[in-house]
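Let's walk through this model together, one neighbourhood at a time. Keep the viewer open and follow along.

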Amino acid sequence: MSERGVTATHCPYCALQCATLLSRGPDGGVSVEPAPDFPVNQGGLCQKGWTAPALLSTPGRLRSPLLRGADGRLAPVGWDSALDTVAGRLRDLRREHGPDAVGVFGGGGLTNEKAYLLGKFARLALGTSQIDYNGRFCMSSAAAAGNAAFGVDRGLPFPVTDLGDAGVILLAGANPAETMPPLMRHLTRAELVVIDPRRTRTAAQAALHLQPAPGTDLALALGLFHLAVADGHLDKTYAQERTQGFDAAWQRAVAWWPERVERVTGVPVADQYTAVRMLGGAAHAYVLTGRGVEQHSKGTDTTAAFINLALALGLPGRRGSGYGCLTGQGNGQGGREHGQKADQLPGYRLITDPAARAETAAVWGVDPAVLPGPGRSAYELLDALGTEQGPRALLVFGSNPVVSAPHTARVTARLAALDLLVVADFVESETAALADVVLPVTQWAEEEGTMTSLEGRVLRRRRALPVPSGVRTDLEVLHGLAVRLGEPPHRYPTEPREVFEELRAASRGGKADYSGISYARLDAAEALHWPCPEPAPQSPDPHSPTAHPGTPRLFLDRFAHPDGRARFAEVEHRDPAETPDAAHPLYATTGRVLAHYQSGAQTRRVPELNEADPEPFVQVHPDTAARAGLAEGDMAVVRSARGATVARVRLDGTLRTDTVFLPFHFAGGGRANLLTNPALDPRSGMPEFKVSAVRIDPWPAPE
């Protein structure tokens with residue numbers, strides 16, 4: 001905190017990481033204001049950002065470890081007792097069943113330091129391959145497609161501010177007007193083309209809204225690519241000089257003529273032409289994707305198809321144009337770079353790469369042979385819990401899978417089958433309520449660290465409040481457990497700055513190279529985007545002219561593949577894993593609303609936000625509701641092959657008559673993920689959150 005009692009930090013919610021100023025009043029309360037000069041939020045905040053300080057004094061704050069007793073109840077215990085219990089049971093399970101008997105589940109909201117040390121703890125202290133994180137449910141399809149196309153995955157390979165000069169922006173499956181409202185400040189000049197089955201707040205501001213049936217985005221993307229070529233918008237020079245694979249990709253798209261696309265998607269031929277001509281005629285244009293096209297069992301291919309469209313138009317790697325993915329979680333970018341993914345080591349290295357293993361092991365001071373191989377992806381890990389071949393214990397940091405995972409009734413049952421469930425959180429989330437041990441940890445304004453925004457900029461999170469009595473940092477928790485498991489204390493630092501110095505070394509030479517970034521440079525207000533290699537050896541001063549300035553814009557000269565070329569992808573449309581039938585005649589799709597965030601564990605505890613949307617609801621077209629015997633405000637039960645959820649009906653005449661929408665922020669019997677399909681994308685491990693076959697009926701059923 002500064003001498004004025006004001007702390008410059010960043011919002012705890014989405015990947016925009018809006019800059020904020022926190023002030024403490026005489027009564028110890030905290031107020032927030034937007035930082036006026038940060039380019040991303042430009043002096044603005046959304047409703048969640050303005051109310052974020054309410055989390056710091058939430059009545060449900062955990063202030064003591066909890067241990068489940070013989071009576072089945074969680075009761076307060078001391079830290080030594082809690083950590084001794086956890087370490088002892090972990091030792092027993094590993095001795096009896098092997099190191100993979102223990103799993104770790106992380107989160108996309110953890111700081112870079114926490115994510116890094118969590119991955120290190122899993123691989124060394126536990127020796128387990130069974131680690132993944134909830135970002136698998138968010139960014140994995142876009143990451144897989146981006147790596148394949150460009151050789152590297154960074155959500156936006158350009159600064160957010162570049163969007164302000166665009167003439168046309170296509171938003172595919174993204175609703176930033178509700179999920180990250182300050183981003184809309186950068187979209188006011190552009191004509192928007194929005195692809196979404198719903199007429200969202202973003203779609204309502206669009207020049208053109210394409211409203212495909214759920215699960216048909218890939219067919220639409222193939223059709224738009226087809227028209228870009230057939231209608232004369234292909235940038236032939238760009239395709240020849242900067243890409244490869246066009247011919248194979250075109251052979252797939254050539255069969256997706258506009259009339260066929262309309263039959264499959266419902267998007268009129270005329271609108272398809274308009275969208276492509278808008279993009280092709282703009283001097284500066286962007287194609288941006290979001291969860292709507294990514295959270296499918298074919299999400300990687302769908303994202304790749306939109307990248308194909310962008311490549312055909314010559315957008316990526318051209319200043320003032322490009323392709324990008326709107327990363328969702330607060331550290332959804334950094335959280336997928338430094339080792340908490342099942343197949344990953346720090347610096348966005350692959351755990352199967354012998355050179356990456358050797359480089360990481362050298363930083364950690366171990367033999368590469370001790371590092372485990374890749375483990376299960378997030379849903380596969382959760383689905384295997386408590387089974388003969390799966391983990392018997394799970395440690396959860398920064399996640400609430402009881403609400404956020406697909407087929408959540410199944411996941412809840414698997415969590416209940418564990419021999420040991422340990423949850424580190426600052427409130428008793430729905431997952432923590434099931435735990436055998438709950439460890440109270442710090443939250444955003446009580447900790448130091450770094451976050452990486454959706455544009456790849458590394459930012460400082462700063463402590464504005466002292467750590468509450470009875471609470472520890474996640475780094476202290478990992479240190480305490482590791483030492484009890486026999487690890488040397490120095491291997492698990494508890495100071496974020498020290499962890500970051502090690503992360504710099506471990507990322508050196510990787511795709512996400514942070515080695516030239518330091519707390520000193522960040523605290524000097526340098527805007528540093530990765531990759532940012534370390535300074536030249538002859539210039540140790542981090543502020544010297546030879547210090548790497550970071551890379552705000554990727555791909556301007558070449559892409560990250562060895563030959564410098566981007567790759568078109570050869571993809572083909574296929575139906576979703578589940579389509580409507582007589583028993584379940586409607587599509588259900590899920591998403592976020594303005595007042596809430598992710599599983600709602602935080603926002604449902606903020607009175608102002610909870611009042612805005614206090615209960616589960618289902619949006620239904622009036623005609624669909626009438627056929628089901630439902631009216632505005634009625635309670636309805638929505639059923640899929642996996643389960644049922646109860647929600648209040650909200651009529652929406654702009655919705656497709658074959659589709660209902662449910663937000664996924666609510667708990668208990670109102671969980672939207674009781675319905676969702678865990679069918680996985682074979683490349684990314686992404687579940688099919690966005691398409692379920694359902695029916696809707698009155699609740700309770702009429703007598």
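Which residues does Glu 33 touch, not counting residues up to four places away in sequence? Glu 33 touches Thr 20, Leu 21, Leu 45 and Trp 50, where a contact means heavy atoms within 4.5 Å. Before going further, a word on ground rules: this is a predicted model, in which local features need pLDDT of at least 70 and side-chain atom pairs count only at pLDDT 80 or more, while totals for chains, interfaces and linings use all residues. Residues are numbered from 1 along each chain as its sequence is written, and side-chain values use heavy atoms, with hydrogens and water left out.

Back to Glu 33, which sits in strand S3 (residues 30-34). Helices (H or I, at least four residues) and strands (E, at least two) are DSSP runs, numbered from the N terminus. Leu 21 is twelve residues from Glu 33 along the chain, yet their C-alpha atoms are separated by 5.2 Å. Is Glu 33 buried or exposed? Glu 33 counts as exposed because its relative accessible area is 53%; the cut-offs are under 20% for buried, over 50% for exposed, and partly exposed in between (1.4 Å probe, protein chains only).

Buried in H2 are Trp 79, Ala 82, Leu 83, Val 86, Ala 87, Gly 88, Leu 90 and Leu 93. These buried residues pack against several elements, including H3, strand S16 (393-397) and helix H18 (474-484). Just after H2 comes Gly 98, with a positive phi of about 95 degrees.

After H18 you reach Gly 486, which has a positive phi near 100 degrees.

Next, look at how H3 and H19 meet. The axes of helix H3 (residues 112-126) and helix H19 (residues 496-507) come within 9 Å and cross at roughly 70 degrees. Axes are lines fitted to C-alpha atoms, for helices over the stretch in contact, and angles run from 0 to 180 degrees between N-to-C directions. H3 and H19 are therefore roughly perpendicular to each other, given that angles under 35 degrees count as roughly parallel, over 145 as roughly antiparallel, 65 to 115 as roughly perpendicular and the rest as oblique. On the H3 side the contact is made by Asn 112, Glu 113, Tyr 116 and Lys 120, and on the H19 side by Pro 496, Val 499, Phe 500, Glu 502, Leu 503 and Ala 506.

Some of those names come back at Thr 450, in strand S19 (residues 449-452). Thr 450 has a relative accessible area of 0%, so it is buried. Not counting residues up to four places away in sequence, Thr 450 touches a list of residues that includes Asn 112, Glu 113 and Phe 500.

Another helix pair is H7 (residues 217-230) with H9 (residues 246-253), packed at an angle of about 115 degrees with their axes 9 Å apart. That angle is why H7 counts as roughly perpendicular to H9. Leu 222, Phe 225, His 226 and Val 229 of H7 meet Phe 246, Ala 249, Trp 250 and Ala 253 of H9.

Most residues other than glycine have a negative phi, and most peptide bonds are trans. Tyr 348 is not a glycine, yet has a positive phi of about 65 degrees. Tyr 348 lies in the loop between strand S14 (344-345) and strand S15 (349-350), and is buried because its relative accessibility is 9%. Gln 598 also has a positive phi, about 50 degrees, without being a glycine; at 21% relative accessibility, Gln 598 counts as partly exposed. As for cis peptide bonds, one runs from Trp 530 to Pro 531, with omega near 0 degrees. Another joins Trp 699 and Pro 700, where omega is about -10 degrees.
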